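Subject: Structure for you to look at

Dear colleague,

I am passing on the structure below, and I would be glad if you could look through it alongside the notes that follow it.

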There are 2 protein chains.
Amino acid sequence: MSTANGVRALVRRTHEERVLSALRAHGALSRSELARLVGLSRTTLSEITAHLLSRGAIVVADTDADVRAGSGRPAERLALDPGAGQVIGVDFGHRRVHIAVADASHDVIASGREEYANGAPWSARVSTAFDLIDRLSRETGVHYGALQAIGIGVPGPYTGKTGESSSVGWKTELAPDGVHDAFEERFETPVFVDNNTRLAALAEASNRSDIVDNLVYLRLSDGVGGGLVVNGRLVSGSRGFAGELGHVTATASGVACRCGKRGCLETVASVPAILAACRDRGVAIDTLDELGAAVAKGDPDVDGVLRDVGSAIGRVLGAAAMTLNPREVVIGGEIIRIAPVIVEQAAATIRYELYPIPAEQPLVVRPAQLYDNDGALGAIAAIFHQSPLLAGYPEPAAPASQHQSQRSAQS
Amino acid sequence: MSTANGVRALVRRTHEERVLSALRAHGALSRSELARLVGLSRTTLSEITAHLLSRGAIVVADTDADVRAGSGRPAERLALDPGAGQVIGVDFGHRRVHIAVADASHDVIASGREEYANGAPWSARVSTAFDLIDRLSRETGVHYGALQAIGIGVPGPYTGKTGESSSVGWKTELAPDGVHDAFEERFETPVFVDNNTRLAALAEASNRSDIVDNLVYLRLSDGVGGGLVVNGRLVSGSRGFAGELGHVTATASGVACRCGKRGCLETVASVPAILAACRDRGVAIDTLDELGAAVAKGDPDVDGVLRDVGSAIGRVLGAAAMTLNPREVVIGGEIIRIAPVIVEQAAATIRYELYPIPAEQPLVVRPAQLYDNDGALGAIAAIFHQSPLLAGYPEPAAPASQHQSQRSAQS
């Protein structure tokens, strides 16, 4: 029923699809990495890549000179045509928006940050973001004609489908559906929205070519939030509330939380709570800078507060780690750089909580590596690694020309 | 490059693949369910199913008379040819093995249970299972010539790749790699192994045609174990230890646990711990039957113990639910049927712990629906819904003939 030609075309198409998917997910790869990932023989892979190179769907990105230094001829690395598609990551915070632009090789080719008033309305935040995206284009020469997708991080729960309309703790920050639509309308490209702390978790789990399969992320800030990567994918939960580690009970008889419960981790481990606990011990500290000075001085009362905070974090993260058996537990937020003892103490408590799990497979507990741009980078990682926006692309070789014609229609 | 014939063949093949995948994952489906799942028009779907029916790759399984009673002509349901493949689910417990056999329509066509000595060596457990599989064949006439895959549940952590060789709490029960290999060698079919409590979680999350996306499962027995379904998939964690809710700390200053920590949930909520707590309050109870009698009598001391147990469970599951935002929390084990107040009290505590999450999206907290065969059913669900064993099938239309030729070669 299917002709021999048809079968050959089908087979080649399937192989091409696998090569393009691998490059889309992992960025630039050497031929041997590609062969391993797609499971094709060297000979078949050569035919496929030669064909894709001749069509301009992929390019020789660079030579892998770092890795192969001194080994004679360096290995070529192949990548999707970087001009064939950019993605934009946007992270809306309480006081600022961060934007990063990456090309199809996963290289960040532009990024920036712009502030707005604390708790500015969403219309103002969105227009600030549009202006920043335009400015980045002017300053760096990046045009968005080949834009493939936009990922957006917002504070508060977000299911990725529709904004939740009411919630005790998060009411003021919930992003309206209009944010998604405004970007979609302006850029005529697929858009997805997720919680920004969750995206930061994915950014911490991502490196150039891979994702840590299982990771628990906690961020200490004005509030305490978190995010989970399970089986290599972000976890939203059934209604978009997964990862709210700040509202896990840390001390049953604790103080009232803004969420309506008592003793939530946030009442102990948010930055304002930590500063207040220092003052309760008679140490006059109002800012993170002052906290840093007290830490540098070795103030024993401050050290005691920070160790208590670390223990409370460790109890909550220890339970999460016993539940999820992650490879890494990551603690982020500016205060972690100022007071690293929090992570040390949390790690010690988590180690105890995980005592039953064999010690030859130690969990990594570490401070976050990324800074304030983690949400924007996480949005980009989400697009490359797990968004249906790109995975569902009907014809993998086509985006370049498709978007180019779109660009010419716009100009 | 590809002829028009080739493109048509490719498109039809793609559509067929989607229809077969849907039937493989969901069992028998009506045409309208199929159309919705695969996203094809009625006309295209009719062509595809007519073609698959004419080739014998799918069959009319039954008419959906239950659902459509009284609505005139009942809807036909389509399914993969049931003779085209069976799967076997095996659940090795401490004292017995459960086996269930399902056909390609997901119907359980044979099942049974056989006991062995408590903690029998794995060689004895495996040969007991082989004998039971043979007996089921003799008694029900099921032959395994069209066997597609075997799923096996074992106590203790299991990564699905290699047995962990040492562990404080689980040492005596860890299944050796030999279990996997023995089944593979005997049946010459793909085999996968996972923790049996985890498989029970998947069984609770599964119904005939779907999987609850996010579910937390806890089982109270001689020990306390658990399992997680996240994003519709079982969670193993980075090293196969995910779901060990029994060793989350429930009371920081609690009694020593066999795992080496203190105050683990298992020290409070295992069946032996619950019976001991009753005795500590002066109620002489040694068995579940005696506990049932005391519950029926309304003994206030026993009620107090059970409510304390429920609260401890609720604290641990509440933290897990705040972390994962599941749709359902399920508590299983024989004791739950005898003392349902445990689930009631746990549900109340979990509701408090989840207070910040909007109440219009209530979490379901419920007792397990399945009985002791949940592990075997979960192994079957894992094969149909998420094992790479079937998903990786190279030619979806082929299994019938392929396996028939294998069968005739054996007979």
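The notes below concern chain B.

This is a predicted model, in which local features need pLDDT of at least 70 and side-chain atom pairs count only at pLDDT 80 or more, while totals for chains, interfaces and linings use all residues. Residues are numbered from 1 along each chain as its sequence is written, and chains are lettered from A and ligands numbered from 1 in the order in which they are written.

Helices (H or I, at least four residues) and strands (E, at least two) are DSSP runs, numbered from the N terminus, and two strands pair if DSSP finds at least two bridges between them. Five strands of chain B form an open sheet of mixed pairing, in the order S6-S5-S4-S7-S8. Strands S6 (108-115) and S8 (191-195) of chain B stand at its edges with a single partner strand each, so one side of each has no neighbour in the sheet. Within this sheet, S4(B) (residues 86-92) and S5(B) (residues 96-103) run antiparallel and are joined by seven bridges, with Gly89(B) having Ala100(B) as its bridge partner.

Elsewhere, S14(B) pairs in the parallel sense with S11(B) (residues 215-220) over five bridges, and four bridges join S14(B) to S15(B) (residues 364-367), again parallel. Val330(B) in S14(B) stands opposite Tyr217(B) and also opposite Arg366(B) in S15(B).

Four of the five residues of S14(B) (residues 328-332) are buried (20 or more other C-beta atoms, placed from the backbone, within 10 Å of a residue's own), so this strand is largely enclosed by the rest of the structure. For helix H7(B) (residues 196-205), 10 of the 10 residues are buried, so H7(B) is likewise largely enclosed.

With best regards

Notes: Buried ≥ 20, exposed ≤ 12 C-beta atoms within 10 Å, placed from the backbone.
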